[in-house]
Amino acid sequence: MAVTRILAIETSCDETAAAVIGDGRRILSNVVASQVELHARYGGVFPEIASRAHIEAIVPVIEQAMRKAHLGFDDLDAVAVTYGPGLAGSLLVGVNAAKGLALGRSLPLVGINHLEAHIYAHWLEVESEGAAPPPQAESGRGLVFPLLALIVSGGHTELILMHGHGDYEYLGGTLDDAAGEAFDKVGRLLGLPYPGGPEIQKAAQEGNPAAFRFPRAWLEDSYDFSFSGLKTAVLRLVQKYSDPPQGRLLADLAASFQAAVVDVLSAKTTRAAEEFDATAVLLCGGVSANQALRATTAERAGVPVYYPPPILCTDNAAMVGACAHQRFTSGERAGWDLDVVPGLRLV
Ligand code: KG4
Ligand code: ZN
């Protein structure tokens, strides 16, 4: 059977990314140009700088993705692009590049929700890593619905019950900061470079997670989250002891903060998986690269817990291509009036 090849483009935040995906699961190429260094001095993403960097990078990144896949534009079946959620100026660069290509090459255009794409990272074939799903199954890689997805990224924290492809039920989400945002803000408080997530994970390795008992916002029986109180608790301690903390204190603060976030995320995720009879837990988004989150959730869950390799957890276009395959084969097409939707929701 002929392979369906989709060129996918992702520019929702601070990564300019393009990938070519075969049959929704084979990564023929996956190029990510990170802007992390440009934003590091601001301690977060600076929107106008992000848009300008996307404009510079988008064409070379697409060309590189095509070259690495050893394909010409005539070999493609569709062009897919993230149209939300994200930064408007960043999304516009990807959407306009995708439209130009699709129009110029008479290819169908598919618009993709960035959050849904994070979930579809689980349908990509990867060299087996950790508790990756069984590689043999042709569709859904052996995953059976309903699935419980925890989406944890820089902008979002959502618990989603996935009943089928494109069929989602929202169980809960953050009432204030996203999990990744909490990592980034606390990273700044601790004097660590942006992005804080991987830096806190590294600093935490030498620390004692029980050194400080940081608050956990359980919010009764809901599946909602709140991380702003935790952030304030870290700030108070940093101000009390030393600013910025170093050595043992830094390691203990990082480990105790990480333990508090992971405790709540993993407890609510595994409880939801049990309540809704999910066959597996899918950890999705940048924060799912976190080793402590992976290990604790796997330990607590009564069902398999899957997580993509770190490069497919953080923003990339391969996941957009995997999601687009599903949309494309079910007949979905975007019009030439496809616009960006910065506040786009999954449900
Ligand atoms: O999915 P993503 O690349 O971008 C968004 O869609 O937001 O997620 C980025 C977030 C950042 O907040 C970053 O600090 C966090 O993911 N992150 C981590 C780790 N790696 C990235 N957080 C905790 N531990 C990590 N190892
Ligand atoms: Zn993301």
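Which helix holds histidine 54? That one gets its own close-up below, and every view here comes from a predicted model.

**View 1. Histidine 54 and its side-chain partner.** Histidine 54 sits in helix 2, the stretch covering residues 47-68. With a relative accessibility of 0%, histidine 54 is buried, because anything under 20% gets that label. Look for glutamine 35 here too: its side chain and that of histidine 54 are joined by a polar contact of 3.4 Å.

View 2. Ligand 2 is a zinc ion, and the residues coordinating it are His114 through NE2, His118 through NE2 and Asp315 through OD, at 2.0 to 2.1 Å. Read along the sequence, the donor spacing goes H-x3-H-x196-D.

**View 3. Ligand 1 and the residues around it.** There are 19 residues around ligand 1, and the ones that come nearest are Gly154, Asp184, Gly286, Asn290 and Asp315. Ligand 1 takes up the space of the largest pocket. Which elements give two or more residues to the shell around it? They are helix 4, helix 5 (179-189) and helix 6 (196-204).

**View 4. Polar atoms facing ligand 1.** One oxygen atom of ligand 1 is 2.8 Å from a polar backbone atom of glycine 154. At aspartate 184, an N or O atom of the side chain is 2.7 Å from an oxygen atom of ligand 1. On its own, ligand 1 has 560 Å² of accessible area, and the protein covers 89% of that.

**View 5. Leucine 312 in helix 10.** Leucine 312 is found in helix 10, and at 3% relative accessibility it is buried. Glutamate 63 makes a handy reference point: it is 249 residues from leucine 312 in sequence, with 20 Å between their C-alpha atoms.

**View 6. Two cis peptide bonds.** The bond from glycine 84 to proline 85 is cis, with omega near -10°, and proline 85 is in the loop between strand 4 (78-84) and helix 3 (88-104). Tyrosine 194 and proline 195 are also joined by a cis bond, with omega about -5°. Proline 195 lies in the loop between helix 5 and helix 6.

**View 7. Two aspartates with positive phi.** Most residues other than glycine have a negative phi. Aspartate 23 has a positive phi near 50° and sits in the loop between strand 2 (15-22) and strand 3 (26-34). For aspartate 277, phi is positive as well, near 55°, and the loop in question runs between helix 8 (247-275) and strand 9 (281-284). Which of them is buried and which exposed? Aspartate 23 is buried at 18% relative accessibility, whereas aspartate 277 is exposed at 60%.

Notes:
Residues are numbered from 1 along each chain as its sequence is written. Chains are lettered from A and ligands numbered from 1 in the order in which they are written. This is a predicted model: local features need pLDDT of at least 70, side-chain atom pairs count only at pLDDT 80 or more; totals for chains, interfaces and linings use all residues. Side-chain values use heavy atoms; hydrogens and water are left out. Donors are N, O and S atoms within 2.8 Å of the metal (3.2 Å for Na, K and Ca); water is not among the atoms, so sites may look incomplete. A residue is near a molecule or strand if one of its heavy atoms lies within 4 Å of it. A polar contact is a pair of N or O atoms within 3.5 Å; within protein, one must be able to donate a hydrogen and the other to accept it, and residues adjacent in sequence count only if both atoms are side-chain atoms. Accessible areas come from the Shrake-Rupley method with a 1.4 Å probe; for residues, only the protein chains shown count as cover. On a 1 Å grid over the protein atoms alone, a cavity is a set of points where a 1.4 Å probe fits but cannot get out, and a pocket is an open set with protein on both sides within 12 Å along at least five of seven lines; lining residues have an atom within 4 Å of a point. A molecule sits in a cavity or pocket if more than half of its atoms lie within 2 Å of its grid points. Helices (H or I, at least four residues) and strands (E, at least two) are DSSP runs, numbered from the N terminus. Buried means under 20% relative accessible area, exposed over 50%, partly exposed in between (1.4 Å probe, protein chains only).
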